[in-house]
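This briefing goes through selected side-chain contacts, ring pairs, backbone angles and core packing, grouped by topic for reading beside the structure.

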Amino acid sequence: MGQWTRLAQLTQRTGAGVFGESATLVIGSTSYAVKGEYDAPATREGVDADGSFVVAEPARITLRTEQFDGEAITVRADTVTVRGTEYTITEVRPDGAGSVVLLLRACPGMAWATTVRQDAVTRLIAAATDAGSRVVDPR
């Protein structure tokens with residue numbers, strides 16, 4: 001192992017230990033208490049006030065593989081819970097230095113996701129009505 005790889009590993013381990021957030025990673029039926037660098041951008045998928053579709057950067061967490069024994073993660077089956085929100089893992093990006101970035105999507109059925117959908121429908125109906133269209137509420 002090269003000096004730079006070792007330095008990167010030490011830096012990542014220290015960063016996760018100091019700045020990391022506690023999370024629960026569930027792989028199959030095994031649950032791991034982990035600490036990682038979590039990032040959840042403020043934007044979400046949906047329709048913006050002006051009617052344009054907004055695509056968000058996915059939430060993500062960077063974890064050291066040693067925290068879960070390097071066990072293989074199954075995309076769209078395994079989950080991570082951070083800050084009380086459960087996410088499905090949508091993509092796994094190993095960095096080659098002992099860490100992995102997990103791209104996340106809020107699990108279906110989460111209360112905020114339902115609220116966002118309802119808000120988007122309400123805004124669409126209001127916009128169409130303001131434009132003079134006859135709208136039938138799909139809810």
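**Charged pairs, ring pairs and core**

At 38% relative accessibility, Arg 93 counts as partly exposed, and the side chain of this residue meets that of Glu 91 in a salt bridge with an N to O distance of 2.8 Å. The model is a predicted one, and three salt bridges are found in it.

**Salt bridges**

- Glu 91, the partner of Arg 93 in the salt bridge, is likewise partly exposed, with a relative accessibility of 34%.
- Another of the salt bridges joins Glu 21 to Arg 83, where the closest N and O atoms are 2.6 Å apart.
- Because Glu 21 lies in strand β1 (residues 21–27) and Arg 83 in the loop between β6 (79–82) and β7 (85–94), this pair ties together parts that are 62 residues apart in sequence.
- Within this pair, Glu 21 counts as partly exposed at 22% relative accessibility, whereas Arg 83 is exposed, with a relative accessible area of 59%.
- Arg 64 is buried, with a relative accessible area of 5%, while Glu 66 counts as partly exposed at 44% relative accessibility.

**Aromatic pairs**

- The structure has two aromatic pairs by the rule used here.
- Tyr 32 and Phe 68 make up an edge-to-face pair, with 6.5 Å from centre to centre and 65° between the planes.
- This pair links distant parts of the chain, since Tyr 32 is in strand β2 (residues 30–39) and Phe 68 is in the loop between β5 (59–64) and β6, 36 residues apart.
- Tyr 32 and Phe 68 are both buried.
- The rings of Tyr 38 and Tyr 87 have centres 6.1 Å apart and planes at 50°, so this pair is classed as tilted.
- Tyr 38 in strand β2 and Tyr 87 in strand β7 are 49 residues apart, and their pair, too, links distant parts of the chain.
- Tyr 38 and Tyr 87 are both buried.

- Tyr 38 and Ala 59 are 21 residues apart in sequence, while their C-alpha atoms are 7.6 Å apart in space.

**Positive phi angles**

- Most residues other than glycine have a negative phi.
- Asp 69, although not a glycine, has a positive phi of about 55°; this residue lies in the loop between β5 and β6 and counts as exposed at 64% relative accessibility.
- Arg 83 is not a glycine either, yet it has a positive phi of about 50°; this residue is found in the loop between β6 and β7, where Arg 83 counts as exposed at 59% relative accessibility.

**Nonpolar core**

- The largest nonpolar core has 19 residues, and those with the most contacts inside this core are Leu 25, Ile 61, Phe 68, Val 80, Leu 102 and Leu 104.
- Two or more residues of this core come from each of β1, β2, β5, β6, β7 and β8 (99–106), and β8 gives the most, with four residues.
- Ile 61, not counting residues up to four places away in sequence, touches Ala 23, Gly 36, Glu 37, Tyr 38, Val 80, Val 82, Val 100, Val 101, Leu 102 and Leu 104.
- Phe 68, one of the residues with the most contacts inside this core, is also the ring partner of Tyr 32 in the edge-to-face pair.

How values were computed
Residues numbered from 1 in each chain as written. Predicted model: local features only at pLDDT ≥ 70, side-chain atom pairs only at ≥ 80, totals over all residues. Heavy atoms only, no water. Salt bridge = Lys/Arg side-chain N within 4 Å of Asp/Glu carboxyl O. Buried < 20%, exposed > 50% of the residue type's maximum accessible area, 1.4 Å probe, protein only. Phe/Tyr/Trp six-rings, centres within 6.5 Å; stacked < 30°, edge-to-face > 60°. Core = buried A, V, L, I, M, F, W, Y, C linked by side-chain atoms within 4.5 Å. Contact = heavy atoms within 4.5 Å.
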